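User: I am new to this structure and would like a short tour. Could you take me through it piece by piece?

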Amino acid sequence: MATIDSLKHALRQAATATTPSSTTHPLSEVEYSAGFHAFRHGFGEKTYEDFVVPQLSVSLAPLMNSRPRVSVLEIGTGPKSVLGELPESQRRKIGKYAAFEPRDSAASALEHWVSSSGEPDADSPFPCLDCPPKVTRLPFAADMSGECVKDKYDIVLFCHSMYGMKQRRGVVERALDMLVEQPLEGVVVVVHREGLHLDGLVCHRTMSFPTGSVSVPNDDGALDSFSRFLVGFSIADTSDDERVRREWRKLCRSLGHPGEHEGDYLMFRAPEVIITFTRHARALPALLSGVPRAQDSESRILKNAKARLVHPAAVVRPTDIKHIQHCVRWAISHKVGLTVVGGGHGGHCLVPNVVAVDMSRFDSVCIFHPSATDLGPLVVAGAGAKTGDIINAAMAEGLSVPLGSRPSVGAGLWLQGGIGHLARLHGLACDAVVGAVLVSVGSESGGAVWTVGHVPVQHRPAGAVRPDCEDDMLWALKGAGTNFGIVVSVVFKTYPAPTYRVRHCITPLGNGLHAKEKLVSFDKLVASTLPRNSSADAYLYWDAGQLRLGVSTYETGQESPGLGPSIEAILGPPNTESRAVNSVDVFETEMYMSGMHGGHGGGKTSSFKRCVFLNDIGMPQMTEALLRAMETRSRPSPLCYLHLLHGGGAVGDVAADASAFGCRTWDFACVVTGVWPREQDGTGIARAAEQWVYDVVNDLLPLSAGAYGADLGPDPRDAALASTAFGPNIPLLARLKTTHDPFNVMAYACPLPAEPMEPRLIILVTGESGAGKDHCANIWASVFNTHVLGPPPARVVSISDAIKRDYAAAVGADPDRLLRDRAYKEEHRPSLTAFFQEQLRQRPRLAEEQFLRVVYGAAGVNVLLITGMRDEAPVATFSHLVPDSKVIEVRVQAAQSVRQARRGIRTSNIEDSSAVAASPLPEFTFANDADGDEGAKGFANQRLLPLVSKEMNQLADMVRTIPDFPRQGINFRHVLGIAQQPGGLSLCVSLWAHHFAGDWGHVHSLVCCEAGGFLFASSLATHVNKPLALIRKSGKLPPPTVSVFKSQSHISSFSTSSSSSCLGSPLEEGIEMEKDATPDGASVVVVDDVLATGKTLCSVLRLLTKAGVDAANVSVMVLAEFPVHRGRQALLQQGFGNVRVQSLLVLGGA
């Protein structure tokens, strides 16, 4: 199927060849309208519904969500705007609309379509316009000036309107000049066919739709209109025009593909892109001032055919780590993404209008022999080194590393898996990674140099630091390492260099039954029986009109007894003699390099690959799928083949969650390889081979154990594969991506799915053994499920179940009885507790890992109740891990006699090993001494259900998000703005009064600190009829006073960070209160707007202590809590863990 662009080129050539001397003229209004209709209608519903409209909505959402109204300028709109197909909530945001449409008929139709009185009207495309729409009947051009271009807009949109435009870069720059700059810079959005090249402009983000198509009715009139519209002209002479149109029809019918829907249609490929630009689009000089640019004459040879056809914004070639830091800081400050070029095999190492960082200068390879480590010799390889470089250097010292099977692949492979001939013996390449140096792309740490894992001191760059997230980063780098920063070097553990014995067997496959029998025999009698030091790779390919099965066996060490006879019994005598080769020469023994189709080496062919992991390839359903892929009619090129790399062994020894590479249990990695002659790069054959690969892997995916992430990128066809590429690790990877690449600098790496939606409310049900925690949790879940509308909103999960299963496996206990039989569990309780403590000693982050596994395992529920908690202060310990969820602790209490009876214990002086320390106060306590369910149900209705009420949702909706305030990278949540909303203050006060866990009758006064505390506490004090005790800056209150020093608040530290850094220490100020504002022994409630780092609250509590108020008599109520800053942990560390803290809202961001 030809592309629209290739068809356009062919039509123009045909016009020139048919009537070389004929005069052409631009399309008339009638011709243009007919062609536009055919073209726009030809895109059909699929391209617009599946790509243009949803992705346009996604592109505009951040800007639209940041302000109450937006202004839009649309260029070359036609009779209707695509904006009219956006969701109603976005269309209602459009308060000002203008357009440039040079054709009178289209302009008139547009004016009629968009006209609105400005009143809310569901039938209007933009029902909330603040002023009449303005349509300028002029073409938009780069050199425009005057009144028509003086206005500023939030959004400038080109939707399929750049065709035929000259100076496209200049046109985009003219649009950039018309963007507003405050409060958030606007965006220019371009919807165009794939291949738009705007030299030197850097895009904010780009999205592609490679499967887009245009369908045209196969009749003369429609083809004539369509062809004229594509070429942009018609022939002046009538007879010449008729001859040209006849040639055009022939071309359309020869290049088009029969349509798939009803009627006679012709289809053409029309890959689409949506590119967004901001005012930073012209920021390339700022980058190039600090890092060398790769000149075209010295550009490295890219192995990937798709990448060779791409025009990036620029390719920079850093020679020093400071250059890489400059690239990252530039990308963060200008809100753009980067790609990284390592070995050049990835199809996404270059992306149009995106800057690529070529790491080829970081190609050193060092062998390091540590004197005091159990790791043995190490290889330190720069991220620009190739696999062959590493193997050569290692082999010179009798060592090897289990890398991939091609010498030219680079760091992208090592960091995302790396399947080679030593995988069954030593594991994947990423399993050999013990350390790395990388440049961080995080918000606070962006541009910092991190060392993670074991990096020899000689190879640590000056100024490098070990981040707090070191364990997470090393875990993520081992399987998903292209997503979290720019890796500078990798440290590998090594193994003795092997000698390989290699042999090849090739046998023709007959009919379907014969072919299936051969595959079954290969799977059962060869691949499943080989020892770990041997592997057997298989190839399914066509040669000389015959489907063939090729098998290559690789043995290290002593030759396995019986290996040769077993292969010969299935495939016949080997085609080559067994020969011994070293770790370098083994690369050239690959069958596809020399034994298939005359050899794919030497640059004669190009290829496109995707890989899925398979088990039981002899299973009937699997053999049918494999052979179906190789049917002659399905392959676009006779060179396409399937490569089955042998797995198992050491690959599966590593637990799925021990590294980011989570697909561990597979027999074969099936590499589906589309191949075509290199001279056909970019042609229909190449595109058909690429699509064949996707068709085959999608056919195999339901039968597979997952997909291989190393090949995957931003192509939307990769999304479904990426969702299976990391096994159980996707939730944690998604969270790490959100945390450590918040600006999506590495946007074009293997796509990680969005972070799973965390539950709105997480209830940690704690208490002593026998108190009835599980019983209460199940009752409370049933109350939520009964009273909250929507899908099942509540679920109960025991966090201790996983450790019980691990304990059972270790000691031979019955896991089912441990989970369900109370008496059996009591027998094992002491040893189970000891086992857990030992596991915690060996894995200090075990508790966090278990908590996150439980939370993300319940993604999609609204309320999650977790039992089995053994942590002293669980909210302070875990809430920062789920910053968008409200986490509370409910402690279930019961008398000792009741607990003992429930546990079946008659002795009254038994020690309770599971008791939770009582000092840190929970949000609520529930006395569960009585039998029956009524007490627990009443508690749920009174205390728990209100936490997810519509009033609470209404309050949360009043908090606006302000991007890049008070500095870039901060999404400021405007909590004080609630008071500016109608009814906001009264709603807040009402919720506070109802949610207070204490007794208002026992409260003497409300304590508040300026300025947010004054605002909210005064209203609450009036509501509950309590006096205020004011805390102000020192010197603001009359004596006698008590005072303490207070560090800056979280937000204040941002606004004065530069001056603070100059002083060398955080700024402090004194705060004070009147000495007699609260009598000794009084109970008080501290009211404030925000709890973030806890610095202000700790100072207030110190002040109250100094004023004679016991911390045990203090409660705290805040409007909004930001758990990511760990304010509760600060309270615990400062000795205020026994202060009960309640927050109405929990918010992510600053």
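Analyst: Please note that this is a predicted model. To begin with a pair of helices, α1 passes α7 in a right-handed crossing.

User: Which residues of α1 and α7 make the contact?

Analyst: On the α1 side they are L7, A10, L11, A14, A15 and T18. Helix α7 contributes R243, V244, E247, W248, L251, C252 and L255.

User: And what is that contact like by class?

Analyst: Between α1 and α7 there are 10 nonpolar residues, one polar residue and two charged residues.

User: At what angle do the axes of α1 and α7 cross?

Analyst: They cross at roughly 150°, and the axes come within 9 Å. Helix α1 covers residues 4-18, while α7 covers residues 238-255.

User: Changing topic: which residues are buried in helix α4?

Analyst: In α4, which spans residues 104-114, the buried residues are A106, A107, L110, W113 and V114.

User: Why do the buried residues of α4 line one face of the helix?

Analyst: Viewed down the axis of α4, the buried residues fall within an arc of 130°, so they line one face.

User: Now S59, please. Where is it, and is it buried or exposed?

Analyst: S59 is located in helix α2, residues 29-65. Its relative accessible area is 16%; buried means under 20%, so S59 counts as buried.

User: Which residues does S59 touch?

Analyst: Leaving aside residues up to four places away in sequence, S59 touches M207, I274 and T276.

User: Let us turn to the open sheet of three strands. What is the order?

Analyst: The order is β13-β15-β14, and the pairing is parallel. The edge strands, β13 (314-316) and β14 (338-341), each pair on one side only. From one strand to the next, the twist averages 30°.

User: How many bridges join β13 and β15?

Analyst: Strand β13 pairs with β15 (residues 355-358) over three bridges, in the parallel sense. As one example, A314 has V355 of β15 as its bridge partner.

User: What holds strands of a sheet together in general?

Analyst: Strands of a sheet pair through backbone hydrogen bonds, either parallel or antiparallel.

User: Lastly, which helix lies across β13, β14 and β15?

Analyst: That is helix α10, residues 321-334, which runs at about 155° to β14.

Terms used:
Residues numbered from 1 in each chain as written. Predicted model: local features only at pLDDT ≥ 70, side-chain atom pairs only at ≥ 80, totals over all residues. Heavy atoms only, no water. Axes fitted to C-alpha atoms, helices over the stretch in contact; angles between N-to-C directions. Helix = DSSP H or I, 4+ residues; strand = E, 2+ residues; numbered from the N terminus. Left-handed = near helix turned anticlockwise from the far one by under 90°. Contact = heavy atoms within 4.5 Å. Nonpolar A, V, L, I, M, F, W, Y, C, P; charged D, E, K, R; others polar. Buried < 20%, exposed > 50% of the residue type's maximum accessible area, 1.4 Å probe, protein only. Arc of directions from axis to C-beta. Pairing = 2+ DSSP bridges.
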